[in-house]
Amino acid sequence: MTRKDWQDFSRGIAFISPWIVGFLAFTLLPVALSLYYSFCDYSLLQSPLWVGTENYRELMRDDDFWRTLRNTGYYAMVALPAGLMVSVGLALLLNQNIRGQSVYRTIIFLPSLVPVVASSMLWMWIFNAKLGLLNHVLSFCGIEGQIQFSWLNHLLGLQGGDMIQPLTMPPPWLDDARTAMPALIMMSIWGVGNAVVIYLAGLQDVPRELYEAADIDGANGWQRLRNVTLPMISPVIFFNLVMGIIGSLQTFATAYIMTGGGPAKATYFYTMYLYDNAFSYLRMGYASAMAWIQLLIVLVLTAVAFWSSKRWVHYQGK
Amino acid sequence: MDEAVPMKYFKPTITILALLAVAYVLIFGPRADIPPVHDRVIVQYWEKWTGNEASQMQKIVDRFNDTVGKDKGIYVQYLSMSNINQKTLVSTAGGVPPDIAGLWDTQVVQYATLDALEPLDELARSHGITQSYYKPVFWKACTYEGKLYALISTPMSMGLHYNKKIVAERADALRQAGLDPDRLPATLDEMDRWARAMDVVEKTSSGRDRIQVAGYIPMEPGWFVSYTGQWFGVSIFDERTGKLQLNHPQMVKAMEWIQAYSRRLGLESMGEFRSGFGQFNSTQNPFLTGAVAMVQQGPWMANYIENLRPEMNRWNMPPERQKLDEQLAGEVASGKLSSEDRMLKWAALVPAEERRAYCSWGFIPAPPAEPGLKDVSYCGFDTLVIPRGAEHPKEAFEFIAFVNRQDVMERLCSMHCKNSPLAKASEKFLNEHPNPYIAIFNQLADSPNAFGVPQIGIWPRVGDEMAFAIQRIYLLQATPKQAMDDAQERMTAAYKKFLDLQGKRGRQ
């Protein structure tokens with residue numbers, strides 16, 4: 001390294017030093033400490049007490065850990081594909097050359113600009129069993145009466161208190177343990193505007209000549225979508241999938257505001273339980289262990305997505 | 001045209017604009033909240049209240065700063081904030097806590113077990129604040145393992161509020177049920193019969209039950225439903241034996257009582273009915289709209305009624321009183337009086353007994369479930385604590401002691417519409433309090449059956465577990481026995497582990 005190289009290097013380091021210091025002090029150090037605390041009993045108010053793997057072992061025995069993991073998994077498995085399908089579908093519709101195209105695009109994008117607290121409050125009213133817009137529409141369409149689950153109870157051999165109770169239509173959405181989670185999933189679809197914009201950009205990027213070639217080959221609309229459009233936007237779908245996995249496993253605010261995790265913990269998400277352990281029960285060590293398990297789950301799922309992407313993601317020029 | 005000419009002016013113009021912006025911010029921009037005193041000790045006071053309650057406490061702080069604080073060289077800097085428990089937690093852990101924090105009562109024992117609070121015994125003694133100064137239930141709740149860790153800013157007791165109009169409207173139904181509408185329920189069984197008689201349920205076109213009015217719903221508002229066992233004679237935590245009693249037979253009986261309401265009114269009908277309720281502090285509060293005839297609430301209810309449904313405090317009022325009321329309203333309109341002072345002035349001018357007659361709502365102690373139990377009441381409170389590591393504990397306590405002076409406490413409690421935690425209450429306080437039923441709240445807090453938050457270091461976890469168990473029961477997901485057995489098992493293990501770990505730290 002010449003003297004000038006060294007000077008350039010020092011200058012470069014000096015310019016990015018605020019970021020380096022910030023990263024070390026506010027990201028790397030807390031991450032490292034949280035790993036250490038995950039092996040401790042730590043309340044923030046007392047010094048950490050080393051307990052080895054006890055926090056992890058307790059998690060394996062903790063009903064709420066499994067319950068919140070199940071709830072989060074349920075949400076992710078339904079909301080994520082549903083969100084992907086709706087956003088791709090909307091992007092395809094908005095990609096059509098029709099009058100007022102930009103107006104429709106704006107309308108679809110607008111909900112994603114609404115702050116999460118405001119949209120949650122709005123949806124609480126939409127889902128209100130007595131005064132809600134959704135139930136008024138369902139009643140207007142004649143969707144009333146009771147859904148009996150006797151066949152399901154019989155099939156699953158459920159008896160007494162374990163039996164699935166009849167569901168009155170239209171349902172009390174957020175007040176019923178069976179419908180609260182589907183309600184949150186429905187609401188999540190409302191905010192697909194961001195993804196739609198990304199898909200639209202991807203769709204604009206699909207080379208016209210590929211469609212022309214497909215036309216010459218006599219492909220119909222479905223075949224064009226299946227063999228041209230979707231493969232060509234597969235990198236965008238993949239990006240949204242990975243971001244969606246990470247986002248849905250961190251769901252917190254909407255459920256915290258709309259249901260508080262209820263009824264009877266039906267919408268109690270993993271991050272809500274983590275938060276309660278950290279700030280309400282003052283079990284920061286236990287919460288740290290939960291955070292590391294969450295990171296592990298995200299890593300595994302993302303790795304699976306990357307591994308599977310070799311089969312279905314097509315990059316242009318490759 | 002040469003484009004370099006405008007570019008020549010570009011940089012200086014931007015620089016001048018930027019400098020002007022900086023100068024503007026420096027001259028007219030926001031100022032730090034620096035106390036207007038330099039020769040006093042600054043005491044940082046963080047409080048959870050916002051809105052009216054915060055501004056009412058600000059008046060007390062101002063009064064301290066202008067009187068005692070001035071004499072003793074102390075200035076209290078008051079900061080109202082949300083999530084105070086987290087902020088106090090993090091600042092205490094970081095070694096920079098406020099001098100005073102206004103925590104919830106549920107956190108006193110939790111923080112005390114973690115050595116996060118300064119013991120106040122010496123300071124309290126030096127100010128003449130001893131056990132006899134407080135009502136027993138409140139003093140007990142402020143102490144843990146024989147040490148005093150908190151004093152009170154405002155307390156509460158609770159009981160049954162009922163809607164006199166609905167009682168009058170449903171008088172025939174009450175009589176048909178063998179009840180006397182003029183004799184309020186004295187036992188829980190009677191209250192259940194009252195509730196049933198006051199229910200109004202209609203059939204919809206599709207044949208389902210639609211509740212119009214419910215006599216009573218244990219989950220409305222459900223804030224204190226975890227303490228239902230006390231009405232059946234059992235506490236959540238037996239401090240004598242150090243054991244949780246979540247599946248005690250009487251606790252299970254209490255939970256069966258809650259579940260009976262779900263079964264009687266129908267889960268779906270009740271769910272639909274409750275979803276129509278507005279928030280507590282809105283005009284759609286179900287007690288204020290007349291959707292629920294009886295609710296368990298604290299003394300602040302009178303305040304909300306006055307602010308949200310003032311007509312409920314002006315029922316059958318004679319013309320001369322209407323005139324006085326209009327006169328006070330006129331003073332508010334002309335800016336001579338704040339709406340808060342109007343309520344206090346009205347209370348000062350019209351005796352409590354007379355005001356009760358104008359209320360279309362009434363208040364009685366919650367009817368007990370078991371014979372021999374009387375005046376059972378949950379007594380909660382807002383605390384003033386000095387977190388560990390506070391910079392000015394002595395000066396901080398000067399303010400806490402000031403708040404606990406009888407005249408100041410009664411003033412604050414009147415403004416917040418709450419009862420007093422002090423052993424003695426002045427006649428003025430009882431007669432001129434905005435809640436005309438305050439004497440009953442006071443009597444409840446003095447009762448030997450008054451109780452506070454269970455004194456267990458893991459109460460937030462136990463409370464959440466109780467809430468979950470009760471939801472399972474209310475939603476008919478589990479039998480009361482099953483739900484409470486599950487809760488007992490989980491929380492007993494959690495408490496044992498907590499004690500083991502505290503033991504390892506050298507603390508039992």
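What is the accessible surface of chain B, and what share of it belongs to carbon and sulfur atoms?

## Surface and dimensions of chain B

In this predicted model, the accessible surface of chain B amounts to about 22,400 Å², and carbon and sulfur atoms contribute 54% of that area. The C-alpha trace of chain B extends over about 90 × 65 × 65 Å along its principal axes.

## Fold and burial of chain B

Chain B contains 23 helices and 16 strands. Its length is 508 residues, of which 57% count as buried. Among contacts in chain B with a separation of 6 or more, 75% are between residues 24 or more positions apart.

## A nonpolar patch on chain A

On chain A, a nonpolar surface patch covers about 1,100 Å². It is made by A:Met1, A:Trp6, A:Phe9, A:Ile13, A:Phe15, A:Ile16, A:Trp19, A:Phe23, A:Leu24 and A:Leu28.

One of these residues, A:Phe9, belongs to helix 1 of chain A, which comprises residues 3-37. A:Phe9 counts as partly exposed because its relative accessibility is 42%, a value between the limits of 20% and 50%.

## A:Arg70 in helix 3

A:Arg70 is part of helix 3 of chain A, formed by residues 63-94. Its relative accessible area is 55%, so A:Arg70 is classed as exposed, the cut-off being over 50%.

In sequence, A:Arg70 and A:Ala266 are separated by 196 residues, while their C-alpha atoms are 9.9 Å apart in space.

How values were computed. Residues numbered from 1 in each chain as written. Chains lettered and ligands numbered in written order. Predicted model: local features only at pLDDT ≥ 70, side-chain atom pairs only at ≥ 80, totals over all residues. Heavy atoms only, no water. Helix = DSSP H or I, 4+ residues; strand = E, 2+ residues; numbered from the N terminus. Buried < 20%, exposed > 50% of the residue type's maximum accessible area, 1.4 Å probe, protein only. Contact = heavy atoms within 4.5 Å. Areas by Shrake-Rupley, 256 points an atom, 1.4 Å probe, with all protein chains shown as cover. Patch = residues over 30% accessible without salt bridge, like charges linked within 9 Å, V, L, I, M, F, W, Y side chains within 5 Å. Salt bridge = Lys/Arg side-chain N within 4 Å of Asp/Glu carboxyl O.
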